[in-house]
Amino acid sequence: VTHNAHRSVVDINIQSHKNPYKMVCAVLRFARKHSHPLRRSSLLYWSDESASRIDFAKEKYGGPFSSEEVEDVKTFFRMLLIIVAMGTFYLVAVSSVHSLPALAIHLQPSDILNCSNNASDS
């Protein structure tokens, strides 16, 4: 939504949004089925970088998806990787915090006193 202050006009741009899950699945399905570009442009031979398999779904490599859609899918997987890593770290941290009281049950009060006395003697 944009607003022009000079003319008091409000423009509403309605974009047709596709279901993001279907788009991710469609891009991955295309990348799985096509191991090389369908219609590679002759201008792409000038580029030094080699495209990944998921990049072949872009229109410039002959795929049916725009560059923005493919980049959105790649960003989704980068974010998913970060979320999984943070979730794993959280589970490890929470399990170690909750296991500390279980370890303290096995210690006797005399063990704790002996440790503090030995530390002060040194």
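## The buried side of helix H1

In this predicted model, the residues of helix H1 that count as buried are Met 23, Val 24, Ala 26, Val 27, Phe 30 and Ala 31. Around the helix axis they cover an arc of only 165°, which means that they sit on the same side of H1. An α-helix has 3.6 residues a turn, so residues three or four places apart point the same way. The face of H1 that is turned away from this buried side carries exposed residues, namely Tyr 21, Lys 22, Arg 32 and Lys 33.

The helix itself runs over residues 20-33, which makes 14 residues. From its first C-alpha to its last it reaches 20 Å, close to the 20 Å expected at 1.5 Å a residue.

## Aromatic pairs

The count of aromatic pairs in the model comes to three. One of them joins Phe 30 and Phe 65 in an edge-to-face arrangement, with 6.4 Å from centre to centre and 85° between the planes. Because Phe 30 lies in helix H1 and Phe 65 in the loop between H1 and helix H2 (67-106), this pair ties together parts that are 35 residues apart in sequence. Phe 30 is buried, with a relative accessible area of 12%, and Phe 65 also counts as buried, at 11% relative accessibility.

Another pair is made by Phe 76 and Phe 77, whose ring centres are 5.3 Å apart and whose planes stand at 70°, so this pair is edge-to-face. Phe 76 is partly exposed, with a relative accessible area of 36%, and Phe 77 is partly exposed as well, with a value of 33%.

## A network of salt bridges

The structure holds four salt bridges. Side chains of opposite charge can pair when their charged atoms come close. Here Asp 55, Lys 58, Glu 71 and Lys 74 are linked in a network of such bridges.

Like Asp 55, Lys 74 is buried. Glu 71 forms a salt bridge with Lys 58, and the closest N and O atoms of the two are 2.9 Å apart. This pair, too, links distant parts of the chain, with Glu 71 in helix H2 and Lys 58 in the loop between H1 and H2, 13 residues apart. Glu 71 counts as partly exposed, at 29% relative accessibility, whereas Lys 58 is buried, with a relative accessible area of 10%.

Leu 28, Phe 76, Phe 77, Leu 80 and Val 84 make a nonpolar surface patch of about 390 Å². Its largest share, four residues, comes from H2. Val 84 is found in helix H2 and is partly exposed, with a relative accessible area of 49%. Phe 76 and Phe 77, already described as an edge-to-face pair, are also members of this patch.

Technical notes: Residues are numbered from 1 along each chain as its sequence is written. This is a predicted model: local features need pLDDT of at least 70, side-chain atom pairs count only at pLDDT 80 or more; totals for chains, interfaces and linings use all residues. Side-chain values use heavy atoms; hydrogens and water are left out. Helices (H or I, at least four residues) and strands (E, at least two) are DSSP runs, numbered from the N terminus. The expected span of a helix is 1.5 Å times one less than its number of residues. Buried means under 20% relative accessible area, exposed over 50%, partly exposed in between (1.4 Å probe, protein chains only). The arc is that of the directions from the helix axis to the C-beta atoms. Rings of Phe, Tyr and Trp (its six-membered ring) pair if their centres lie within 6.5 Å; planes under 30 degrees apart count as stacked, over 60 as edge-to-face and the rest as tilted. A salt bridge is a side-chain nitrogen of Lys or Arg within 4 Å of a carboxyl oxygen of Asp or Glu. Patches are made of residues with over 30% relative accessible area and no salt bridge: like charges are joined within 9 Å, nonpolar side chains (Val, Leu, Ile, Met, Phe, Trp, Tyr) within 5 Å. Accessible areas come from the Shrake-Rupley method with a 1.4 Å probe; for residues, only the protein chains shown count as cover.
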